[in-house]
Each structure stands twice: as C-alpha cells, then as structure tokens.
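Please consider the following notes on one helix and the loops on either side of it. The sequence and the coordinates come next.

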Amino acid sequence: SVDTLTRDLAKAPKKEEEKPVAEKPQVAQVKDEKTVKAGRFILNKILTKAPYGDASVVKAEWFQHELHRQIFEDYVASNGQLKIGSLFDKYEDEELRKIVGDDVVFEKTASEPNYYNDCVMVLANEVIAKDLSALNKKYNSATDNLEKREIIKEMAQLQQKLKSKNVKDKL
C-alpha cells in the first residue's frame, strides 16, 4: 500500500547529493575547431622539423588557441632549437598531446605541404577577417570624413590580403 511505501522510503538511507566535480583550469578554449586543428598541424610540422614546416610564414598572433601561441613563441625564441620533450616539462595540457600526436593521414605525402599551406592560410584569413570586422564597426561609428577615409584605406589593404593566395602576402 501507499502507506507502507511511504514508511519504507522514510527509513531508507538518503543518497548523498552529487558534488560538482571541479574542472581543471584550462587554457582559454577556442570555439572554432578548424583553426584549432590547423594550429595543431602547423605546430606538429614545425616541431618535428618537416621539410615544409616553415615557421617564417606564420605569426604568433594568428594562433587562436593560447597554448598554440605560447608554444610557437617558445619555438621562435629558441631559434628553432626547441625540443618537444621540454614542452611536456613546461606545459601540462591535453592539447599538447594532441599537437604532438597529430594524426592527419595522407594518401600521398606530396599533399602534406599543400595541407600545411592551407592550414597557415586558414589561421591568417581568420585573423584578417576579424580585423576587417572590427574596422567595419569602427567605420560605422566614425563621424569624421577624414577618419572614415583612412579606415576605408585600411579595409582595402586587408581585403587585398584576404584575397591573396600567397601566404607571404598575409604577413
């Protein structure tokens, strides 16, 4: 009966409330997965010294993920002598494992350099597009015609960079 069930439930040991598990602090997460994947591939090829892994065509500020930016800056500061093992001493992050263990597989190794360039273009174009968007907002809020003219010049330069298929034009 209902009375029996109610009595039995009252006597039953109460469940402990689940405590929220404290999350491990992580480097700021990036919402755009394609830029994260592109950053991982670029860093992997630079760190493993792939023949086409040219760090001179990449800017640190292009990396959307803070850890990617830090690793790239460390690499540049070491004049290309950074050892992968030393990164694990400095950074304890799952993202580092993903960078080092990047498992993009190619049917033909000849397509790897093209993929590397495409990844660099993705990072560069993302930053240029954000800069264009910011300039567009600045233009809309500007009241002075001279200021608007200067903003239009900057926007035209950025649009030209965005359209370019040459990575070095984006530097």
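1. His65 sits in the loop between α2 (33–47) and α3 (66–77); helices (H or I, at least four residues) and strands (E, at least two) are DSSP runs, numbered from the N terminus. The model is predicted: local features need pLDDT of at least 70, side-chain atom pairs count only at pLDDT 80 or more, and totals for chains, interfaces and linings use all residues. Residues are numbered from 1 along each chain as its sequence is written, and side-chain values use heavy atoms, leaving out hydrogens and water.

2. His65 has a relative accessible area of 4% and is therefore buried (buried: under 20%; exposed: over 50%; partly exposed: in between; 1.4 Å probe, protein chains only). A polar atom of the His65 side chain lies 3.2 Å from the backbone nitrogen of Leu67.

3. The 12 residues of α3 should span 16 Å at 1.5 Å a residue, which agrees with the 16 Å between its end C-alpha atoms. The expected span is 1.5 Å times one less than the number of residues.

4. Leu67, His68, Ile71, Phe72, Asp74 and Tyr75 are the buried residues of α3. They cover an arc of only 160° around the axis, so they lie on the same side of α3; the arc is that of the directions from the helix axis to the C-beta atoms. These buried residues pack against α2, α4 (84–90) and α5 (94–100), where contact means heavy atoms within 4.5 Å.

5. Asn79 follows α3 and has a positive phi, near 55°. Asn79 is exposed, with a relative accessible area of 66%.

Technical notes. A polar contact is a pair of N or O atoms within 3.5 Å; within protein, one must be able to donate a hydrogen and the other to accept it, and residues adjacent in sequence count only if both atoms are side-chain atoms.
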